[in-house]
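The following note concerns the pockets of the structure shown below. Please read the points alongside the model.

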Amino acid sequence: MEYKISLIPGDGIGPEIVGEAKKILDKVCEKYGHTFNYEEVLLGGASIDACGVPLTQEAIDTAKSSDAVLMGSIGGDAKTSPWYKLEPSKRPEAGLLAIRKALNLFANLRPAYLYNELKGACPLKEEVIGDGFDMIIVRELTGGLYFGERKTVEENGVRKAIDTLTYDEKEIRRIAVKAFEIADKRKKKVTSVDKANVLDSSRLWRKVVEEVAADYPDITLEHMLVDNCAMQLVHNPGQFDVILTENMFGDILSDEASMVTGSIGMLSSASLNETKFGLYEPSHGSAPDIAGKGIANPIATILSAAMMLRFSLDLDKEADAVEAAVQQVLKEGYRTVDIMSEGMKQVGTKEMGDLIAERI
């Protein structure tokens, strides 16, 4: 098969980690007989330096014409970088928000997987961890409280702020369909998280999710209130497969889940639109303090590339091979500095990419 992939190296360590992910994708092509045609896209600080703005229309058009987008990290040091002397709409992160909007990326996927080899980094007790956990949080990304009408007023000498939480059934249905489609590729369980005992928006959310569930009889659906879910993530994380939730709840729960894994340098993410198109990126930042030193951990970006293979290109076997290669390298004791522990073998960015590629 032949695919067009837009690559966004980005800023800081971005070019280094994207380079290693591309190395992995090239190895996948070699082994499985595919062809990936790459086109580089400027975004963030790199685009400001070259074009004067964090995102150009040309970059948007290139991304839209591809089958998927793989991105490194955006931004720099807010205290020292000249990018942050610009007005907020011209800063690197504004480009990221703009491309998400331009590509209609409404579904955010954040896996949280605990590698057996990295159990020592998990803050939970061993009896809680058990056999580990493997979940993915599917968060609605373009609606809810963050995008509702808001205002701050003064009434009778008292300041009052108003934020509006709104969802319509179409917004709920499309993110629910994504969650069930993903569950169908996994352990076939969806936990829909809401606050239906208080909020009208959550009661509609629950009703629409149940309607969608009727189209997926092989998938188990359970409902869980958000406060209980927050407790369950640290009490018994192994119970979860796919967590489906709205924007603000997903923002909070995905950060909690990432900390439970013990290492954000291992965490991939994806943002999808209504087709199979998606933008894939590591969950971590651009780490400008270590850029160019060859010590950044490329695994989160490599696992993001695996997500791209699975969710946008329907190459499940190839995605499995990449994920298995990452696990094998960890099992053999190789570590970048951020996940290094006593008795392990420390390697740099390029070496880690080479080791993973060799095991595909």
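1. The lining of the second largest pocket comprises 12 nonpolar, two polar and six charged residues. Here Ala, Val, Leu, Ile, Met, Phe, Trp, Tyr, Cys and Pro count as nonpolar, Asp, Glu, Lys and Arg as charged, and the others, Gly among them, as polar.

2. This is a predicted model, in which local features need pLDDT of at least 70, side-chain atom pairs count only at pLDDT 80 or more, and totals for chains, interfaces and linings use all residues. Residues are numbered from 1 along each chain as its sequence is written, and side-chain values use heavy atoms, without hydrogens and water.

3. The second largest pocket holds about 450 Å³ of space. Of its 20 lining residues, P111, Y113, D134, R186 and E323 are the closest to its centre. A pocket is an open set of points on a 1 Å grid over the protein atoms alone where a 1.4 Å probe fits, with protein on both sides within 12 Å along at least five of seven lines; lining residues have an atom within 4 Å of a point. Grid points are joined across faces, edges and corners, and a volume is the space filled by probe spheres set on the points.

4. Two or more residues of this second lining come from each of β4, β5 (134-140), α10 (299-311) and α11 (316-331). The largest share, four residues, belongs to α10. Helices (H or I, at least four residues) and strands (E, at least two) are DSSP runs, numbered from the N terminus.

5. The largest pocket contains about 700 Å³ of space. It is lined by 28 residues, with L96, L97, R100, R139 and L141 nearest its centre. With five residues, α4 gives the most to this lining.
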